[in-house]
Amino acid sequence: MPRAIRLAFRMQRFELGLLLGAVLLVCVAALGIAWQTRVLREEQLACFREAPPAVEGSSGTPCPDQDEALQLLEQGAAFAKAGVLLTPFVLGLFLGVPVVAREIEGRTAGIAWTLDPSRRRWLLTRGGPVIAAAVLASLVAGVAGEVVARSAPWAEGVGLGFTDYGARGELVAVRALAVASVGLVMGALVPRQLPALLLAGAASLALFVAVTIVMDGWMEAAAEPIAVGPMQDLSGKIYGSAMRDDATGLIVNEEEWFLANPDPVYDEFGMPVGTTMIYYMVPGWRYGEFVLRESALLGVVAALAMVTSAAVVSVRRP
Amino acid sequence: MSRLGSWLVLSFRLHRWEVLASLVGTAVLAAVMLWLASQLRFLAASEPGCPDPASYVGGGCEQFAQRFSNLGDWGRQLLLVSWGTPFGMGLVLGVPLVSREVEHRTAGIAWTLSRSRGWWLARRVAFLALVLIVLLAALATVSEILAAAVLPTLQLDSDFTWHGRRGWLIVARGLAALGIGVLIGAIVGRLLPAMLTAAFVSVLVFVGFSLGMDRWLEADAVLVPAMNGNAASEVGELSLGWRIELLNGQVITPDELYGRDGNVNVNEDMDGRLYNSPDGTLRPENIIGWSRELLVPGRLYRQVVLRESAVATGLGLLLLLGAAGVVARRRPT
């Protein structure tokens, strides 16, 4: 078995080297950005604590030294998170597709399948380690994405909620498993690497459009009316807003309320007196539940794709 | 069959999958873009009393403007796809040309049977370049039609709006991407690794290309007053970024300003005057200059597109020459 695993890695050493190197670069960048953001933010908070009271008429900040660097780090963090978001797709496609397609295209599948006790075992020992590497690397990238997302100064004291969905946490690894499985089955069905890569890309796109639509439907159905105070930090996925009449407790949409009350009196925060803002939203604390739901969906797709791959490899001509 | 016919048929058979994928992708994209353009035109024609559907105007046009804006958003998304298409198509067509022959160990036979390796490459590249030019030219034309439908009140031939997402630059960028694909495929000699490498290299090359063109365009750009980071001029110009005009008339970038003095704290007043004041107050003695924006006028749009297209095409040809050099020297396995 270890020899088979070594062989599996050697067969795709160029892609593995390049892709794992790129993932490592993204992770190092993300962790470096998170670390620097925390250091600078600490310095800025210390400066704020020691700063004299603001001068009347002043429009500036008493601690501008860290602003530019923090902005640059925020831009860098956006690039790092984009890298993490793309990781499962690039890794899954470029590592999943060639497992079978390259053997068939290179006309070496016949020899490889004959030398192994069974074709399914061959697929397991050949594809398993490579897909595991893709999943593991994506998991590491997901952890790096989580760390960089949590380092954002705006996230202090507020949960991240649904921010950077898909660019952090274990979902990145689950997505890699699903895309690699789609790549595997396409590579088994289409015996040439480039067409299989293009079709797997298109199939993955279709899969994620469908998953996004399903997830959005579930989230919208789970959205609940939540009263939000004027200075309250929000964390969650918002699907709409309305106004609550505090006297009656009635919730109406904003247009209707303003039609019924053409000359409202506003409070210091710009809200009509006697009303409260209501958001129809999925609270941020339900993030884990929806990650679990998407993971379950993608897990089923991955399992189906793997079973199909095994069936195709068992019956197809080499 | 004539020599031209047999060349076309043989070339198509050798690159059937890539050509068909490019053809189907372009046909679907162009069809959706044309359908959307026709819907937008139909909608605009149905409300002749609302002259500018791209903006919210009075007189009962709000609902129409909202419907037009919703459809226009789809148009914007499709034009983003048309921006990315030349890169994708160039690589899909270019990378396998040499790498697949080398990977399948058929390069030796193909090169031996041909008059020369350079001739072999030229015949292959010519076919793929022809396919790429025809498909991307169609896409360039359709993207102009869609852009005109989304922005019916603009003169798009003298306007930088959606520069690179429409017009002939799409074709030129495709040729440059084809050059990158063929060269990297010839160097790496394996299909998927070459595809990955070419994708990375493309990003680097086109970022460099874009920065280089911006520097070149600075010679044609004009400085206009900018207030709070917004240019005071009309839309249609190409913005090359925010600049600071110092009291001595020197124009510098924000990076240069911060590079000179790390403790600078710039604040701007309503008239675009810039102040360096540690406490944020706007006192006359703290004025350091004016906020400016560097813009390329819209009337230069055609000239700029022509120039960028020439540079991108030249880059593509240079890369193909490089690929010919690699093919002439490399081992066929």
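Which residue stands opposite A:Val252 in β3(A)? I began my notebook with this question, keeping in mind that the model is predicted, and I found that the residue facing A:Val252 is A:Met243.

**Sheet in chain A.** I then looked up the strands around this pair and noted that β2 (residues 236–245) and β3 of chain A pair in the antiparallel sense over 2 bridges. They belong to an open sheet of 4 strands in chain A, which I read in the order β1-β4-β2-β3, with antiparallel pairing. At the edges I found β1 (224–228) and β3 (251–252) of chain A, each of which pairs on one side only.

**Two helices in chain B.** Next I turned to α6 (residues 169–188) and α7 (residues 191–217) of chain B, whose axes come within 9 Å and cross at roughly 135 degrees. Because of that angle, I recorded α6(B) as oblique to α7(B). I also noted that the crossing of α6(B) past α7(B) is right-handed. Among the residues that make the contact I listed B:Ala177, B:Ile180 and B:Gly181 of α6(B), and B:Pro193, B:Ala194 and B:Thr197 of α7(B).

**Two arginines with positive phi.** Last, I checked A:Arg107, which has a positive phi of about 60 degrees although it is not a glycine, and which sits in the loop between α4 (98–105) and α5 (109–115) of chain A. I counted A:Arg107 as exposed, because 12 other C-beta atoms lie within 10 Å and the cut-off for exposed is 12 or fewer.

Definitions and conventions:
Residues numbered from 1 in each chain as written. Chains lettered and ligands numbered in written order. Predicted model: local features only at pLDDT ≥ 70, side-chain atom pairs only at ≥ 80, totals over all residues. Axes fitted to C-alpha atoms, helices over the stretch in contact; angles between N-to-C directions. Parallel < 35°, antiparallel > 145°, perpendicular 65-115°, else oblique. Left-handed = near helix turned anticlockwise from the far one by under 90°. Contact = placed C-beta atoms within 7 Å. Pairing = 2+ DSSP bridges. Buried ≥ 20, exposed ≤ 12 C-beta atoms within 10 Å, placed from the backbone.
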